[in-house]
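Here are some notes to read beside the structure. Take the points in order and find each residue as you go.

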Amino acid sequence: MKRKMNGYLLAGLVLTGTLTLLILLGFFWTPYNPTAMSGSEKLLAPSLWHLMGTDNFGRDIFSRVLKGAGTTFLIALCTVAIGGVFGTLVGALTGYFDGAVDSILMRLNDAMTAFPSILLALVIISILGGGKYNVILALGLVFIPSFARVTRTAFAALRDVNYVKSARLMGAGSARILIAHMLPNTMQVLLPAVTIGFNNAVLAEASMSYLGIGVQPPDASLGYMLSESQGMLGSAPWYALGTGLMIVLLIFGVGLIGEGLQRRNGEVD
Amino acid sequence: MKEAAKRILMLLITMVIVSFLTFLAFDLISGDPATSLLGTEATPEKIAALREQLGLNRPLLVRYGSWIAGFFTGNLGTSYSYQLPVGQLIRGPLLITLCLSALSFVLITAVSIPVGVHTARRTGGALATVSVVVNQLLMAIPPFFTGVVLTWVFSILLKWFTHGRFPGFGEHPLASVGYLLYPAVSIALPRIAMTVRMLCSTIRGEMEKDYVRTAISRGNDRSGVLYRHVLKNSMVPVVTFLAQTMAEIVAGSIVVEQVFAVPGLGRLLLASIGNRDYPVVQAIVVILALWVVLAGTAADLINQRIDPRLRLGGAK
């Protein structure tokens, strides 16, 4: 159980850090205006001036990818925040207090996991309608059960540990025990779950926008751009490749962080 | 046997909850289909007549009951936008999606089990690190992106297939399976990586157990122990994982069908969501959920056969 840096964690942090910086930069500045069309610069292959080339309308793809990644990144962060906070809350309560509430919530959880996550998100979107905020809401809701399941196990395992018992004997309230004593000790489980959740959120958002039921234009997201690029696959394959590469790198980086965290916890040999 | 019965009862309970939630969600929030169906021609009398015809005036529980009864007798209602029985509308796409899922599942198991067992035998070294990184990279490639890349390479560059022209099972069954191979690969690729990873860690964990050490100390060679004892004992989590994979394949096919313009269940679902054709959406959602729950139950039942301890309701 070496609690130090390892290669995977470092590589993941460097990759994700670089991408995050690029994406943050993209909120304020992009090399070109991502929506500006240019008749003279149509369908240019990647070059030093246009890192990922240009599309049918002469728009700079690298600038578009930065903007799109920003949207995807933000949605994934918000989704994980919603799923993580509420899921941990449900998991903590059901794991710590067993009984009727536990069984009811867990049955409901089982029923929810019977839907593949993208399907559930589709249903919610079909009811609420598309758009950035509804996507966040739908995905956030969909991600609650998986977080609840993971944290419930962690909290249930800690319920009868000695330090929790002594805290209880010393008169600490349930809220204090849960937040001050148990929560920090579930981080080992929670942090890798967050990395997996983030990646699933990126995937889910990109899939939904690809299907045209997620983020609506003028908001660009990577999934929407990928579906747009499919029409230009013959003339500008670099559009699809650049966009897809951004998704892959984003998930790959966070995946490496997750792998590194699990190794640091000694879960994988 | 008792455990099996209990598991099937749980399956029924879950399905009732799932179907009721689906029914309730669409019922509460979809608004009045009668109004939206009639559109600009809506007059109060026409709406009332159509509501009567669609049976929307009955209480919620009665409508749920008749919908469930219809589900078992194959009467899934009538599609709003196609004016066809939902059962008839769904049959063809369901067959295509089943075929696509089966193909993906075969690919996943055929590739990942040998690869997983092989990599589990090699421990440590630079090769192990490379395989972890390759695994993470494969897991990071979304199926729809693989689909776009496959389209580019095999349809546009090599012209092995015509994108968007699904031959159809009726006329060209073999060509259809060939066409479905590309989406199946797209779905299978990240799942293969996940399965290999899962297999590897399960087998390695099992290899550290006492009985393996004993077997080896008695002069058995490592691979003999691996094939004769360890693989059998590693089956339970693998079966559970493969059941989850079934669920993920279905979810993946919703998206990938769109990439390759395969007229399957996912495409019909998306079109129906777009048209607000709720009877069709409802039926597809419940069928897909049933599929997932069935896969989970099947996995539990298989595991009870593999591991007698589970039959007694003991260790989980």
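1. Start with one residue. Thr151(B) sits in helix α7 of chain B, which covers residues 143-157. Helices here are DSSP runs (H or I, at least four residues), strands are E runs of at least two, and both are numbered from the N terminus. Thr151(B) counts as buried because its relative accessibility is 3%. The cut-offs are these: buried is under 20% relative accessible area, exposed is over 50%, and partly exposed lies in between (1.4 Å probe, protein chains only).

2. What does Thr151(B) touch, not counting residues up to four places away in sequence? In chain B, the partners are Ile156(B), Phe161(B), His163(B) and Phe260(B). Contact means heavy atoms within 4.5 Å.

3. A word on the basis. This is a predicted model, where local features need pLDDT of at least 70, side-chain atom pairs count only at pLDDT 80 or more, and totals for chains, interfaces and linings use all residues. Residues are numbered from 1 along each chain as its sequence is written, chains are lettered from A and ligands numbered from 1 in the order written, and side-chain values use heavy atoms, with hydrogens and water left out.

4. Now the two chains together. Contacts link 39 residues of chain A with 42 residues of chain B. The buried area between chain A and chain B is about 3,700 Å², and carbon and sulfur atoms give 80% of it. Buried area is the accessible area (1.4 Å probe) that two parts lose on being put together, summed over both.

5. How many salt bridges does the rule find across the interface of chain A and chain B? The count is 1. Arg197(B) pairs with Glu259(A), and their closest N and O atoms are 2.4 Å apart. The rule asks for a side-chain nitrogen of Lys or Arg within 4 Å of a carboxyl oxygen of Asp or Glu.

6. Look next at the side of chain A that touches chain B. α3 (100-113), α4 (117-128), α7 (174-210), α8 (222-230) and α9 (237-264) of chain A each supply at least two residues. α9(A) has the largest share, with 14 residues. By class, this side has 26 nonpolar, 8 polar and 5 charged residues. Ala, Val, Leu, Ile, Met, Phe, Trp, Tyr, Cys and Pro count as nonpolar, Asp, Glu, Lys and Arg as charged, and the others, Gly among them, as polar.

7. Between domain 1 and domain 2 of chain B, about 1,500 Å² is buried, with 78% from carbon and sulfur atoms. Glu3(B), Arg7(B) and Phe26(B) supply 35% of the area that domain 1 buries against domain 2, more than any other three residues.

8. End with Ile306(B), in helix α13 (residues 278-306) of chain B. Is Ile306(B) buried or partly exposed? Ile306(B) counts as partly exposed because its relative accessibility is 27%. Leaving aside neighbours within four places in sequence, Ile306(B) contacts Lys232(B), Met235(B), Val236(B) and Val239(B). The C-alpha atoms of Ile306(B) and Asn233(B) are 8.5 Å apart, though 73 residues separate the two along the chain.
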